[in-house]
Structures are given as structure tokens and as C-alpha cells.
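Biologist: I have a structure to read. Please take me through it feature by feature.

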Amino acid sequence: MNNQQAVLSFTDALVYFNVKISVTDAVLGANNQIVTPAGVNVSSTQQTAPVGVALSLQPVVDSKTDEITLGIHPTLTNLVKYVNDPGFEISKAQAIAQLATSSAGASAISSLQSVNSPIPEIETRELDSIVKIKSGQALVIGGLMQNSSNNTDAGIPGAEALPLFGRLFQSVNKTNTKQELVIFLRATIVGPSTKPTLRDKVLYDKFSDDPRPLNPQ
């Protein structure tokens, strides 16, 4: 539709949790006896981060010149690694220190020490562009590239540390990977009497499960 945005999304929802910790003090009675032991309150909120490819398109159609102006915004996101939430680490340390003053908090401390709150670090590559093409022409979008290298060392334990001769017992495997996302678009102005072409029929038969036939011009 003219001047109406369309979004194509091929992403996975990466799930992680925002965890918060609070500690309630122990309630003491007569002779400093513990009436209510210290407690730990933990709350977690589910968060999601999209990882994959998203493409936003907004066409402006000029039927007089048979031209289409496209606003294009492809976005490619990738998971790099997980990092621990520093705010959670601080609140966990404070909770453990507070529980350490209460003998009833030993089991809670043991449970807290093994809890972490990792947050995904997302790499984002995106492109924002406006292009003008004739109806029926194909548009190629590239440039969203990613380079990565991986070095793996292997050798005989102990022997690789020998001076001068250590490299004889050592091997290094280097792997370089280059990825590029390329998007092909073909924009066509469709009028009220326009019929599908033979190319449309090939795409329809290849990707559609609809048993109804598509009759091209």
C-alpha cells in the first residue's frame, strides 16, 4: 500500500530475567531469641531481546512515472556473549553480608552464592536508506558484513613449554569467517487489472502450498 510501512521479521526472542533481591531482618524476642528468621525475597521479571533479521519497508508510489521510492531499514542482531548484571551482583553481596549476621541465614547464603543474573550482549548492524527504482526492477542491499576469527592451540602438555623445541610439539589452527547479509527486493506497481507474470507463478508454485492454480499472463 502506498506510504504504508511493512515489517518483515525473522528473529528469535532471546529470554533472560531481571532479578532483584531483598532481605528481611530477623525478628528477635525475649533473651534475643529468634522469633522470625531472616528471609530473602527474590523477584524476577522476564525480558526478551530479538536476535535475527528484521526489515522495515515504506513505499511511495508514483503511478505517473511508474517509479517507487522505498524507505528501507534492515537490522541484523546477533548474540555476542552473556555478561553478569553488576546491579544484581551488588545486591547479592549486600544480602549475603546481611544474612551472615543471622545464624538462620546459612542455608539462604548457600543458595544465593550460586545464583547469577546474566544479560545478553547483542551486536546490532543496521542500514537506513532511501532508494528510487522503476516498477519491476530488482534492488540488491548488501554491506551488512561480519568478520570473526578463531585461533585454537594444541600440543603435548609440558613439551610445548620447552625452550627452543617447544614449537615442534605445538600446532595452531586459525579459522577466519566472513558473513554478509544480502537482500534482494523486486518492487512492482500492481494495478486493478494487473495479472500475475510467469515469474510470479514460479515463485507461487515454489513457496505456496495453495492448491489453487495461478494463471499468468
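Modeller: Helices (H or I, at least four residues) and strands (E, at least two) are DSSP runs, numbered from the N terminus. Thr75 sits in strand S5. Residues are numbered from 1 along each chain as its sequence is written. This is a predicted model: local features need pLDDT of at least 70, side-chain atom pairs count only at pLDDT 80 or more, and totals for chains, interfaces and linings use all residues, while side-chain values use heavy atoms, without hydrogens and water.

Biologist: Is Thr75 buried or exposed?

Modeller: Buried means under 20% relative accessible area, exposed over 50%, partly exposed in between (1.4 Å probe, protein chains only). Thr75 has 18%, so Thr75 is buried.

Biologist: What does Thr75 contact, leaving aside neighbours within four places in sequence?

Modeller: Contact means heavy atoms within 4.5 Å. Thr75 contacts Gly52, Val53, Ala54, Thr124, Arg125 and Glu126.

Biologist: Now helix H1, residues 86-99. Which of its residues are buried?

Modeller: An α-helix has 3.6 residues a turn, so residues three or four places apart point the same way. In H1, the buried residues are Phe88, Ser91, Lys92, Ala95, Ile96 and Leu99. They cover an arc of only 140 degrees around the axis, which puts them on the same side of H1. That arc is taken from the directions from the helix axis to the C-beta atoms.

Biologist: Which exposed residues does the face turned away from the buried side of H1 carry?

Modeller: That face carries Pro86, Ile90 and Gln94.

Terms used
The expected span of a helix is 1.5 Å times one less than its number of residues.
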